[in-house]
Amino acid sequence: MLWSLFVSFLKIGCISFGGGYAMIPVMENEIQKHGWLTAQQFTDAIAIAGMSPGPIAPNCAIFVGYKIAGILGAITSLFAISLPSLLLILLIALFFRKIQDKPVVQSASYGLRPVITGFIGYAAIRFAIQNHLVGGEHWFDGRGLLVMFAALAVLLLTNIHPVLVILFSGVLGIVVYH
């Protein structure tokens with residue numbers, strides 16, 4: 001079991017770019033392939049990992065590893081998911097100054113950005129649907145869309161802290177839907 005955890009989380013660490021939230025679809029696929037967690041358990045793992053201090057991907061790896069094989073599973077999963085990034089960052093640090101201005105490096109970066117953005121959006125939507133945060137009568141509700149776009153505009157166009165936007169949206173939700 002430890003070897004399966006190691007290989008799976010090493011693979012996740014090797015093929016996932018863009019940070020923790022962008023890794024969620026890859027991680028979900030790998031975990032479902034092995035049948036390690038149900039969809040609800042995975043959603044709970046993401047929620048717990050997101051609320052815990054530190055990056056979400058290693059936190060989730062720890063959660064899954066612990067659930068599958070105890071403390072050794074947690075350590076194995078954390079090591080495996082972190083190893084590719086550690087090695088890649090060391091290599092990049094050694095060579096990046098020499099290649100950062102090369103057109104192929106810049107082109108690869110431009111090509112990865114929209115995919116990473118899509119992965120993050122997918123993870124957010126999937127998480128919201130699985131937790132019944134959207135769907136039913138509130139999914140395409142005009143009021144809900146208005147609140148969503150208003151919150152997005154405030155975040156993009158002002159320096160208001162996201163926590164304040166969340167709190168205000170909650171209050172607005174009470175006023176609009178209660």
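Start by selecting helix 1 (residues 2-15) and helix 2 (residues 20-34). Helices here are DSSP runs of H or I with at least four residues, numbered from the N terminus. The two pack at an angle of about 155°, with their axes 10 Å apart. Axes are lines fitted to C-alpha atoms, for helices over the stretch in contact, and angles run from 0 to 180 degrees between N-to-C directions. Helix 1 is therefore roughly antiparallel to helix 2, a label for angles over 145 degrees. Show the side chains at this contact (heavy atoms within 4.5 Å). Helix 1 brings Ser8, Phe9, Lys11, Ile12, Gly13 and Ile15. Helix 2 brings Met23, Val26, Met27, Glu30, Lys33 and His34.

A word on what is on screen: this is a predicted model, where local features need pLDDT of at least 70 and side-chain atom pairs count only at pLDDT 80 or more, while totals for chains, interfaces and linings use all residues. Residues are numbered from 1 along each chain as its sequence is written, and side-chain values use heavy atoms, leaving out hydrogens and water.

Next, select methionine 27 in helix 2. Methionine 27 is buried, at 1% relative accessibility. Buried means under 20% relative accessible area, exposed over 50%, and partly exposed in between (1.4 Å probe, protein chains only). What does methionine 27 touch, not counting residues up to four places away in sequence? Its contacts are Phe9, Ile12, Phe42, Ala57, Cys60 and Ile81. Now pick isoleucine 12: it lies 15 residues from methionine 27 along the chain, and their C-alpha atoms are separated by 6.2 Å.

Move to glutamate 28, also in helix 2. Is glutamate 28 buried or exposed? It counts as buried, with 4% relative accessibility. Leaving aside neighbours within four places in sequence, glutamate 28 is in contact with Phe42, Tyr122, Arg126 and Gln130.

Color Ile116, Ala123, Ala128 and Gln130, which are buried. Helix 2 and helix 3 (39-51) are among what covers the buried residues of helix 5.

Last, pick the cysteines. A disulfide is a pair of cysteine sulfur atoms within 2.5 Å. The count here is 0 disulfides. Cysteine 14 is partly exposed at 45%, whereas cysteine 60 is buried at 1%.

Key. Angles under 35 degrees count as roughly parallel, over 145 as roughly antiparallel, 65 to 115 as roughly perpendicular and the rest as oblique.
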